[in-house]
Amino acid sequence: MSDPDVCVVVPTIREYECVRDYVANARAHGFDTDRLEFCLVTEDDCPTDEMRAMLDDLGVAGGVYDGTARARWFEAHGVAEYRHLIPAHSHAQTSFGLLYLWAAGHDYGVFLDDDTRPHEDVDFFSTHLSNLAYEGDLTERASDERWVNVLNDADGDLYPRGYPYAAMDETSERRTTKVSDVVASQGLWTDVPDLDAVRILNDGDLRGQAATRTSADDFPEDFVAARRHYLTVCSMNLAFKREVVPAFYQFPMDDNEWGVGRFDDIWSGLLLKRACDAVGTRIYNGRPLCHHEKAPRSTFDDLADEVAGLELNEHVWEIIDRATPALPDDDAENGTTLAADGGVRADAYAAVARAVAAELATGDFSAYRNGAFLNRCGERLDEWVDCLDSLDDGDTFRQI
């Protein structure tokens, strides 16, 4: 019997039964489910008793954390002053799962959205973990806009949610490169592509999905993005190593006076890519694919949630890119991997997070609509690293 070393974080308010499919996939492929610990992040008015009963029925470790349970967790771990880092009624509550992982000492994390399902013929968890251990040749993508479109091979000229409009119509190039030291594995999606509301409207769909659908044939190769290039990182199907947590805060969307939402995982992915480039590590993209079974909803509702941050999204990657972290190793900024010691590496990611936080918190973004929200993001990011430091300083324990 194994101790859990993989924390599976599922933000959910209604489709929590997706967990059954992922556990079934693991068992069908011989993956040891004793390695998995589930953290279901939900709300006080959701069926938390049913969620706990499901975990018991499946015989897997884990806990269900609504607002009340999260408050108790913060108190128990001596970090109640940081409760505001987790916004209310927001997908960005996945940040709580990162804290849960950090305090419990898990080596790996997996983010899953509750409207996804694994492909039955693919060993989902083993594929992600194999990606995190990958060493060898792999396609590296780049473009003249310094942006890589993860949907580049799909039909319909698709661009994913969060891809800047100014970076469209890029000239792309591909080459083969040696890859090692992978710290994140982004699985992509068949069926409903991850598009923003404007692009969904342009694609001719009013139900919040997309008229164009994707299949496995639209993702013919796995790849990495070139150094100092950016890409969209979506948290619906994503695995990562513990060391990146300081530079992986899910930015605090929805619960803010500016009404900015829907960019939490997109902006956290920009931060993560900046950190990986600084530390000398990689984000692996492609498989394992998942089915994205997005439920129909008003495209205009999504547009209302996104519009407050659309202009900011055009520029936030440039702000993150110009941050200059003071890393523990002088050569790391040039792409030299830091020593493999987990503490040193986590400190390096924290240094990048601090530098990006300072760039955001102190910048004058008054030229942008809702620019002051970026200042708030910088303040919260700096507090995020403080919170992790506090968890390290105290007695951490697994609370289920």
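What is the relative accessibility of Tyr-368, and what does it count as?

Modeller: Tyr-368 has a relative accessibility of 23%, and it counts as partly exposed. The cut-offs are these: buried is under 20% relative accessible area, exposed is over 50%, and partly exposed is in between, with a 1.4 Å probe and protein chains only. Before going on, note that this is a predicted model, in which local features need pLDDT of at least 70 and side-chain atom pairs count only at pLDDT 80 or more, while totals for chains, interfaces and linings use all residues. Residues are numbered from 1 along each chain as its sequence is written, and side-chain values use heavy atoms, with hydrogens and water left out.

Tyr-368 sits in the loop between α10 (342-362) and α11 (372-393). The helix and strand names come from DSSP runs numbered from the N terminus (helices are H or I, at least four residues; strands are E, at least two). Setting aside residues up to four places away in sequence, Tyr-368 touches Glu-311, Leu-312 and His-315; touching, or contact, means heavy atoms within 4.5 Å. His-315 is 53 residues from Tyr-368 along the chain, and their C-alpha atoms are separated by 8.9 Å.

Now turn to Val-316, which has its place in helix α9 (residues 310-321). Val-316 is buried, at a relative accessible area of 2%. Apart from neighbours within four places in sequence, Val-316 is in contact with Trp-267, Leu-270, Leu-360 and Leu-374. Sequence distance and spatial distance should be read separately: Val-316 and Ser-390 are 74 residues apart in sequence and 28 Å apart in space, C-alpha to C-alpha.

Helix α7 comes next. It covers residues 264-279, 16 residues in total, and reaches 22 Å from its first C-alpha to its last. That is close to the 22 Å expected at 1.5 Å a residue, where the expected span is 1.5 Å times one less than the number of residues. Of the 16 residues in α7, 16 are buried. Gly-280 follows α7 and has a positive phi, near 100°.

Some backbone angles elsewhere also deserve a look. Most residues other than glycine have a negative phi, and most peptide bonds are trans. Asp-181 is not a glycine, yet its phi is positive, about 60°; this residue is in the loop between β8 (172-179) and β9 (182-191). Asp-191, in strand β9, also has a positive phi, near 80°. Asp-191 is partly exposed, with a relative accessible area of 27%. The peptide bond between Arg-287 and Pro-288 is cis, with omega about 10°, and Pro-288 belongs to strand β13 (residues 282-292).

Thr-116 counts as buried, at 0% relative accessibility. Beyond its neighbours within four places in sequence, its contacts are Cys-18, Tyr-22, Met-236, Cys-290, His-291 and His-292. Although Thr-116 and His-292 are 176 residues apart in sequence, their C-alpha atoms are 4.6 Å apart. The side chain of Thr-116 makes a polar contact with that of Tyr-22 at 2.6 Å, and it also reaches the backbone oxygen of Asp-113 at 2.7 Å. A polar contact is a pair of N or O atoms within 3.5 Å; within protein, one must be able to donate a hydrogen and the other to accept it, and residues adjacent in sequence count only if both atoms are side-chain atoms.

His-119 lies in the loop between β5 and α5 and counts as buried, at 14% relative accessibility. Leaving aside neighbours within four places in sequence, His-119 is in contact with Asn-25, Thr-190, Leu-289, Cys-290 and His-291.

Finally, the whole chain. It has 11 helices and 13 strands. Buried residues make up 60% of its 400 residues, and the C-alpha trace spans about 50 × 45 × 45 Å along its principal axes. Among contacts between residues at least 6 apart in sequence, 82% join residues at least 24 apart.
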